[in-house]
Amino acid sequence: MRSDRKKNGIILPVLLAACLLAIMVVGGSHFTSYLQKQIFLERTTQLNEITSQVRANLSNALDSHWNYLTILVNMMRERRFGSEAEVESFIGEMEAVLETDGYHAMLLLLDSRGNCYDDHGKYGVWTDIDRISGGEERYTFISDSSREEHSYWTFVQKLDKPLVSGDGTAFTHVILLKDVETLTDYYDSDAYGGHNETYILKNNGTRMHDNIDPDNTIQAYNVLKVLEEMEGQRYTNLREMLTKQDVISANFTYNGTEYYYCLVSLEAYDTLILFLIPAQFVAYGTVNMMGAVIRMLLLLMVAIAVLLIATMIFFARQRSSQRLYRQEQENLRRQEEMNEKLEESNVMLARSKETAEQAFQIAEEANRAKSSFLSNMSHDIRTPMNAVVGFAALLARDADKPDKVREYTEKITASSQHLLGLINDILDISKIEAGKTTLNLTDENLPELIEGIDSFIRPQMKAKRHTFEVLKKDIRHENVVMDKLRLNQILVNLLSNAVKYTPEGGHIVLTVQELPQSGKQLAHYRFVVEDNGYGMSEAYVQKIFQAFTREEDSVTNKIQGTGLGMAITKNLLDLMGGSILVKSEKNKGSVFTVELEFAVSDRPADQDLEKDNGMTGNLAEEGAKEKEESILCGMHILVAEDNEINAEILKEFLDMAGASCDIYENGKLAAEAFADSAPGQYQLILMDVQMPVMNGYEATRTIRALNHPLAKKIPIIAMTANAFAEDIRDALEAGMDGHAAKPVDMNVLEQTVRAVLEREEKGTVD
Amino acid sequence: MKKRTWRAFILAGLLPFTLLWACGREKAGGDIGRKAVDDAGNRVTVAFWSDQLTEHYGAYLRDCFPDVEFEFYVATNSTDFYRFKEEKGDLPDILTVRRFALSDVEPWRDSLMDLSDSELANAFHQSYLRSYTYEDGTVNWLPACAEIDSILINKTLLEANDIPVPMNYTEFVDTCGKLRELGIRPFLSNFDADYTCMEVLQGISASMLTSQAGRQWRQLYESGQTDELSEEVWMPVFERMEEFIDYTGLTGQDLEIGHLDVFGYYENNEAAMVRGTGEEAARYSEDRESVLMPFYGETAEDNWYLTYPAFQVAASARAEESPEREKLIKEILTAMLNEEGLLRITNGKNLVAYNKGVPPQIPKELANVQTAIDDNRLYIRLASADMFAVSRQVVQGMITGEYPDARSAFDAFNKALQESKETTDPVIAAHIDRDYAYAFQPEGGSEAASAVINSLREAMGTQLFVGQASNVAGNILAGDYTEEQLKFLTQGETTEILLCDMTGEQLYRYMEYVLTTPGRRGSVVNDSTLYVSGGFEMEVARKDKGYALERLTVGGEELDRNAVFSVAVLGSETLMQKEALEAAGVADYTKSGLSFKQIIVDRLASEGKQLTDPVDYITLR
């Protein structure tokens, strides 16, 4: 579209220019042609005039010679010649009268036999005798035949009556010869300064005489034929033309020179006069003037052409400028667009940079957090370790002092328990953060879970003389699908913190409330742990869920804690799709509100399994019974343990509990030992998991696969450092009956053994 | 040497193509030869009015234009010949003719080149050029130098008999009487020839024919305004002829005397006066004093030499189709008409030129001619074609007595003249079935010449026949022919047939002589003038100068040098063949009374035969 417009824009001025140029060219050509025609007309007219004048001059000259001859003939009529001598004398007299010598003329007489007489007498037959034998009275021509070797205009008059001399000679013709050269003046025109050539021709176009100027343009015998064949000649049959018009004037080119000629007929003398002249000498003044006009015209045309070109250039440039302006505008627009895009890009880059910086800050923060975490972890691990190492050293020093030994042992135990808890938490949070924690969902009974927690935590409440209330509100769905262990862990964490961070005699309330359902299959619960303890600063509340963070103040610093509990709680809640809200006020207490949704279960929970599956929270309650008598007492136990120290400790612990054991350093040996044992030789197998040659899971499967009568029945309890829920599940799947995590806690072990044996008794194990 | 070698190469290169082309044309049966000549580019055909031009003039042209391949042939000396050629579309490039009248050539003038605007025409005196100028200014023909033709007198013979050389008509009559008394033929000429009859008739009355009345009648006649003789002018002419026959003692038997015979009488002093030319005057002044005297009038002032151009020359307008060709032809014409060329025409004996800048060259034998030139007493013969024929008829009739007086002769002349103007339907005498190309081919020779020579051999019944190719007047084309046209196929005025027996060896010597002897009437000047053999073949080599005979064969077999063959030779006995036969060792030969031209005419017309098939008779290397 734009291209078409551009084309249209160019075409119009070009068309106009072309039209103007065409008009100039056509007009100029027409005008030049007109001028040339005028020049031609002027030249031919001038030539016609001059040639006509020449013709008149020549005609007059010839006529006058005829007059002379007529006078002579009249005079002869009266004469009688007695002899040849008288003839000579007469001719001499007449020549004197006519002054022929002065005019380069001669008189001749012819006799009837063609003999010729002049003033010197007879001299043979006249050469041109044949030319006057046509029976005419008069002849006029140019003769080359004279003895004088000149060309003569020849005027021949036949006597109407021959003159007979005394000797009988009959004179028949009187001839007047006139040198051609002397008549040249009549047809040479001064007007052309002698540049013209004059040809006297016979009617057939051939030359009339031999003696022609060697400089003449046309030397040929047939002059008219040559003239007709000249380049640029417009008449190809001049003789025919002469029958139609009196005068012919035209031009031709010969050897690159333009000539003009004029051809006229002198009919009375059967003669043609051809006037020839180079064009440059004809109508010189007029041609010059016209030349000047043409030059002026040419100059004018050149000027107009220059103006036209300049105008076109101007328009072209203007158009070009406009085009350039439009182009610049377009460029500017594009540039602006580009700038905008660049700015956007810059903003994006800035944002990216900011994001990157934020990411970097986050990374740095994370790094710092990790450093801080490591630093905190180091500190928190070293603190109980310091107590263990320190009291172990004091124990060695004061081994002989039983009180000291007891005191130190208790402190070492306490520090060890703290350290164990710390390690468990660290491992827990590490696993949660690594995304390796999975929920172990089972059908559970919520009131029972609450009761279990109540049982677990109430002794601690009591120990600090706290009042502890458990409130249940609107519980419509008791059986739900949940990871009981994790919910237990969350609520125990919150309650433990409430116990720890509430001054003695405080008031702690656990409220369990079922909220309205968001879906038919989901039960929505709110768990609120409220205390009237120390409370937290607002700043700390902001980072309470970060690992290893604890309110730093003189009171809380004395309270033992890993700083990981809330972080684990938050992570577990996130994993379970729940939320936690913290409200706290310094010295007034804190309120932790947890909301969770569980799928409603249509099956009642297996309460026994629930109890047996490591609910450590219930273990405290069971601990009272074990003090009375170890269940391990009297048992012979097959132990698979590769670590000698652990094996020795376990042997000592079992020994302390009144049990004996055979220890094998890998699963294979243990399985072989069991295979080789007599039925009832072993009552229990304690199986480490990670061992060389054959691990605990494999050894268990081997044992269960033996043909030993008790292969399927003998209780096998995992006793391993692999203490996570997954490890427990793996152990059960391998065929084991229980799980006791290392380090070996004899109470835990005894409780586990008791639970297994009780299940066995009830027939649940099989 | 080098130039000739190159030319030989070029010709050798061109010839195979020419031959192939010619073969193709022959089969097509079209206009053979002519186009081949045109296409050759440098090949120029020149028709000579007489074989007398070949020996010097032809050689001169050959030398002037070494790159031009001239094709010479001898034509019948008549403008009718060229009219015939023109009708056949077979005009030669250059035409020459002695018998000439502008009115005779006017009907086909457009076939000729107009020379009026050329430098060539410009070189001529106006007074002569006028006779060749048409009313519209066209000039086709230009005259070569003047031939002087009058009474050749054996002055030595007259003086031996105390008879003075006559100076006027009366003295001439007296002289004739005295000579007759002495038993010497006072005047002889070959009255068997038309030109002799015409020239003698006009010559002895030149003073009458140049009177005012005579000139006036002539102008009327030549311009076609009258076709009958003026009684005022011509009755005295016939009266003078009647007297002339009477006092010279001419009889009907004298009509048997040919041109060569006349000069035999003259050489033998059996005739004191003959009609002769300036060249003959010079030729017969070697062993005697011969003078060329004018035709006599009453007084010395009335004595006139009869004159005419040695020949007229023209060129075919075909040359105007190519500027280069036109230029070449004009250059050749210039060479023909310049002083060098003119001297070759007269064999350097005398020269009276018509063109400017060439002064007359008059030998002592022609001393009187100079006076006549000065006094302008040169009578130009009235030489229209009909004038020749009618003059022969009437003069011979006067000699035989058929026309016993001037009146009957005058009437007969007038009648015959008018009859000649009447047009009659041509009578087809013969038909020639095929074309015969004249162009010479190195492998085979000239078809036309071979056909004619073989026909002659058949007619003469000899084993072998030999003659010059240029005796055949160019191409022989298929078509109908009148008897007159059949005569145009060959030349044949002075050519005779000589019969003899020759051994093979003699034939070798004869052929070697004719091939290598220059400057004779019958000399070979180029390929087109080579001899043609009938009954045997020749192998000839081209040399730096001329030709050399290498081998003769009969039917391809080596010619037996010892065998004797009956041979016929075509040529002029006196001008070359006698010497040629002598050189061959053949002294015994006879002259056939048959005209070779007539043999060909009779074969085609009366006998109704075709020409004998041509054969490849020559190999030119």
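Colleague: What makes up the open sheet of 5 strands in chain A, and in which order do the strands lie?
Modeller: The order is 19-18-20-21-22, and the pairing is parallel. Strand 19 (660–664) and strand 22 (738–741) of chain A are its edge strands, since each pairs on one side only. On average, neighbouring strands of this sheet are turned by 25° against each other, direction ignored. This is a predicted model, where local features need pLDDT of at least 70, side-chain atom pairs count only at pLDDT 80 or more, and totals for chains, interfaces and linings use all residues. Residues are numbered from 1 along each chain as its sequence is written, while chains are lettered from A and ligands numbered from 1 in the order in which they are written.

Colleague: How do you know that strand 18 and strand 19 of chain A pair?
Modeller: Two strands pair if DSSP finds at least two bridges between them. Strand 18 (residues 636–640) and strand 19 of chain A have 5 bridges, in the parallel sense, so they meet that rule. A:Ile637 stands opposite A:Cys661 in strand 19 of chain A. The strands themselves are DSSP runs of E with at least two residues, helices are runs of H or I with at least four, and both are numbered from the N terminus.

Colleague: What does helix 14 of chain A touch in this sheet?
Modeller: Helix 14 (residues 644–656) packs on strand 18 and strand 19 of chain A, and its direction makes about 165° with that of strand 19. Helix 15 (residues 667–676) of chain A touches strand 18, strand 19 and strand 20 (684–687), at about 150° to the direction of strand 18. Such angles run from 0 to 180 degrees between N-to-C directions, with axes fitted to C-alpha atoms, for helices over the stretch in contact.

Colleague: Why are strand 3 and strand 4 of chain A said to stand at the edges of their sheet?
Modeller: That open sheet has 6 strands in the order 3-2-1-6-5-4, with antiparallel pairing. Strand 3 (121–125) and strand 4 (138–143) of chain A each have a single partner strand, so one side of each is left without a neighbour in the sheet.

Colleague: How many bridges join strand 1 and strand 2 of chain A?
Modeller: Strand 1 (residues 105–111) and strand 2 (residues 115–118) of chain A pair in the antiparallel sense over 2 bridges. A:Leu110 has A:Cys116 as its bridge partner in strand 2. Helix 2 (residues 84–98) of chain A packs on the sheet, touching strand 1, strand 2 and strand 3.

Colleague: In which sense does strand 14 of chain A pair with strand 12?
Modeller: Strand 12 (residues 467–473) and strand 14 (residues 507–519) of chain A pair in the parallel sense over 7 bridges. Strand 14 pairs with strand 15 (residues 522–531) of chain A in the antiparallel sense over 9 bridges. A:Thr511 of strand 14 stands opposite A:Leu471 and also opposite A:Val528 in strand 15. Strand 14 and strand 15 of chain A form a hairpin with 2 residues between them.

Colleague: What bend does helix 3 of chain B have, and where?
Modeller: Helix 3 of chain B bends by about 35° at B:Gly58, the angle between axes fitted to the seven residues ending there and the seven starting there. Helix 3 (residues 52–64) has 13 residues and reaches 19 Å from its first C-alpha to its last, close to the 18 Å expected at 1.5 Å a residue. The expected span is 1.5 Å times one less than the number of residues.

Colleague: Which residues of helix 3 of chain B are called buried?
Modeller: Among them are B:Leu53, B:His56, B:Tyr57, B:Gly58 and B:Leu61. Buried means that 20 or more other C-beta atoms lie within 10 Å of the residue's own, against 12 or fewer for exposed and in between for partly exposed, with C-beta atoms placed from the backbone. Their cover includes strand 1 (43–48), strand 2 (69–74) and helix 16 (323–337) of chain B.

Colleague: How many residues of chain B are in contact with chain A?
Modeller: 25 residues of chain B are in contact with 28 of chain A, contact meaning C-beta atoms, placed from the backbone, within 7 Å. Helix 12 of chain B gives the most to that side of chain B, with 4 residues.

Key: Two residues are in contact if their C-beta atoms, placed from the backbone, lie within 7 Å.
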